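Keep the viewer open as you read.

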Amino acid sequence: MGLSGFAFGVTSAGSGLSVWQTCVLSLLVFTGASQFALVGALAAGGNPFTAAAGAFFLGVRNAFYGLRLSQLLALPRAVRPFAAHWVIDETSAVSLAQSTRRSARIGFTVTGLTLYVLWNLTTLLGALGAEAIGDTDAWGIDAAGPAVFLALLAPMLRTTTERAVAGLAVVLGLGLLPVLPAGVPVLVAALAAPAVLYVEGRRRGEGRRRATTDTPQGEDR
Amino acid sequence: MNIWIAIGVTAVGCYAVKLIGLLVPAGALERPAVKRLAALLPVALLAALTAQQTFAEGQTLLLDAKAAGLGAAAVALVLRAPFLVVVAAAVVVTAGVRALTG
């Protein structure tokens, strides 16, 4: 995240949000991919709820970070509502890399605080910068959003399963774009994940069945 | 007004999922199928968003300078460039192609 708050500020202001709206997003949402998704969907003319739904589903991964962090950090219940706001990719990565609870807590707090301050300051600078330069498209700023998504996506494409999900999602996302209301195609594209998992599960099931029926035949010979 | 509604819903939703992770008892979401789906959901969303924001304007599909910009970002990723260089490559190449093609 770090300095890319600048890219978010510019993109958001370039998408038609005010400086104030842009900064409130970074202050209250504080999870980069969701913020980029939201301003992109709003710029494309999506209604506020479908736009928010896309951002929300991208944020769901933070719940799974929280699960692992709650065991690791063992925070008092009263502190959890405050710590929750900082449960993001980077703080999770840093905390989970520590070997003791003490250093995990320090890592979480330092990373959380540093990124929160940086992300919000750079968002403000980016939004002000976008207002100053006017036509952000002439500067290629509209390419920043998709580049951020691609940079987040690339390290996730490790196996055929991930690539199949990504490929199917691209086809669904682009294919349905002209025919469904703005913001909806990306939600349909999210179904690529359960769809590929389902096919994968069936294949594995079939493979197991074949393996069990094959063995007796092998013994016959 | 619509924008404020979207900001409000997103802020509440994104905060809620962060908090749920910290509050639910360990093991509640630890089923392999759930974890697998949670890992694949961002893959689908990010792929669809990348494609849409590169190859579409509103509800129309199109091929413009952004495609070249994204190509540059992909090359930067293959070369293991830092995050900011990847984004900068996309922006600079997109702006360059636009300036050249007017």
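## A buried helix

Helix H9(A) is mostly covered, with 10 of its 10 residues buried. Here, buried means that 20 or more other C-beta atoms, placed from the backbone, lie within 10 Å of a residue's own, and helices are DSSP runs (H or I, at least four residues) numbered from the N terminus. This is a predicted model: local features need pLDDT of at least 70 and side-chain atom pairs pLDDT 80 or more, while totals for chains, interfaces and linings use all residues. Residues are numbered from 1 along each chain as its sequence is written, and chains are lettered from A and ligands numbered from 1 in the order in which they are written.

What do the buried residues of H9(A) pack against? In chain A they meet H1, helix H3 (32-43) and helix H10 (160-175), and in chain B they meet H2, helix H3 (65-78) and helix H4 (83-101). Contact means C-beta atoms, placed from the backbone, within 7 Å.

The axes of H1 (residues 5-14) and H9 (residues 144-153), both of chain A, come within 9 Å and cross at roughly 140 degrees; axes are lines fitted to C-alpha atoms over the stretch in contact, with angles from 0 to 180 degrees between N-to-C directions. That makes H1(A) oblique to H9(A), as angles under 35 degrees count as roughly parallel, over 145 as roughly antiparallel, 65 to 115 as roughly perpendicular and the rest as oblique.

On the H1(A) side, Ala7(A), Val10(A) and Thr11(A) meet Ala144(A), Gly145(A) and Val148(A) of H9(A). These contact residues divide into 4 nonpolar, 2 polar and no charged (nonpolar: Ala, Val, Leu, Ile, Met, Phe, Trp, Tyr, Cys and Pro; charged: Asp, Glu, Lys and Arg; polar: the others, Gly among them).

## Across to chain B

Ala147(A) touches Gly69(B), Leu70(B), Ala73(B), Val86(B), Val87(B) and Ala90(B), leaving aside residues up to four places away in sequence. The contact between the chains takes 82 residues from chain A and 61 residues from chain B. On the chain A side there are 62 nonpolar, 16 polar and 4 charged residues.

Terms used:
Two residues are in contact if their C-beta atoms, placed from the backbone, lie within 7 Å. Helices (H or I, at least four residues) and strands (E, at least two) are DSSP runs, numbered from the N terminus. A residue is buried if 20 or more other C-beta atoms lie within 10 Å of its own, exposed if 12 or fewer, and partly exposed in between; C-beta atoms are placed from the backbone.
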